[in-house]
Amino acid sequence: MAKSCLEQALKRLQRGPIAERSLRDDLAGCGEELEAVIAYLKAHGLLDDRAYAEALVRRYRHRWGSLRLRPFLRQRGIPEPLIDELIGDEDLNEALELLRRFPQRHRGERPRALRWLQGRGFPLEVAFQAWELYEESRA
């Protein structure tokens, strides 16, 4: 294993966690040594797509819906099956929580609330359901 390739990988990981695919792209010039470096990093717990993806989901889930979170995770190099597993069907609860937490954003107006939730990446049907639950809880 070439030390320079490993050093490049460690230097990149010092800036923060990264997905395996992104690290592979960054170290494309390493050639055959890349596989050995990736195996070494995984064996020592320095490269873990699941942990990285879980941290991103925890960080952004309370702000964004699945329509905005999915492309964000894809862009960061997270594999699609892992994205499906982590995102799940929590959109309705998150949307309802946002409506309750930020009433000034929609001012009690349905069209404004639906636009605001859609802008945050929630599907329209989830926005409708969240609004109805929000209205019921206010009554």
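Predicted model: local features only at pLDDT ≥ 70, side-chain atom pairs only at ≥ 80, totals over all residues.

Biologist: Which residues form the disulfide, and what is its handedness?

Modeller: The structure holds one disulfide. Cys-5 and Cys-30 form this bond, with their sulfur atoms 2.2 Å apart. The torsion about the S-S bond of Cys-5 and Cys-30 is about 115 degrees, so the disulfide is right-handed.

Biologist: How many residues apart are the two cysteines, and where in the chain does each lie?

Modeller: Cys-5 belongs to helix α1 (residues 3-14), whereas Cys-30 sits in the loop between α2 (20-26) and α3 (33-43). Both Cys-5 and Cys-30 are buried. The pair links distant parts of the chain, and the separation is 25 residues.

Biologist: What distance does helix α4 reach from its first C-alpha to its last?

Modeller: Helix α4 spans residues 49-60, twelve residues in total. At 1.5 Å a residue, the expected value is 16 Å. The model is close to that expectation, with a reach of 16 Å.

Biologist: Why do the buried residues of α4 lie on the same side of the helix?

Modeller: The buried residues of α4 are Asp-49, Tyr-52, Ala-53, Leu-56, Val-57 and Tyr-60. They are placed on the same side of α4 because the arc they cover around the axis is only 130 degrees.

Biologist: Which exposed residues are carried by the face of α4 turned away from its buried side?

Modeller: The cover over the buried residues of α4 includes α2, α5 (66-75) and α6 (80-87). The face turned away from that buried side carries the exposed residues Arg-58 and Arg-59.

Biologist: Which residue caps the N-terminal end of α4?

Modeller: The cap involves a side-chain oxygen that lies 3.2 Å from the backbone nitrogen of Arg-50. The residue supplying this oxygen is Asp-48.

Biologist: Is the pair of Tyr-60 and Trp-64 stacked or tilted?

Modeller: A search of the whole structure finds five aromatic pairs. The rings of Tyr-60 and Trp-64 have their centres 4.6 Å apart. Their planes meet at 15 degrees, under the 30 degrees cut-off, so the pair of Tyr-60 and Trp-64 is stacked.

Terms used
Residues numbered from 1 in each chain as written. Heavy atoms only, no water. Disulfide = S-S within 2.5 Å. Helix = DSSP H or I, 4+ residues; strand = E, 2+ residues; numbered from the N terminus. Buried < 20%, exposed > 50% of the residue type's maximum accessible area, 1.4 Å probe, protein only. Expected span 1.5 Å × (residues − 1). Arc of directions from axis to C-beta. Contact = heavy atoms within 4.5 Å. Polar contact = N/O pair within 3.5 Å; in protein donor to acceptor, adjacent residues only side chain to side chain. Phe/Tyr/Trp six-rings, centres within 6.5 Å; stacked < 30°, edge-to-face > 60°.
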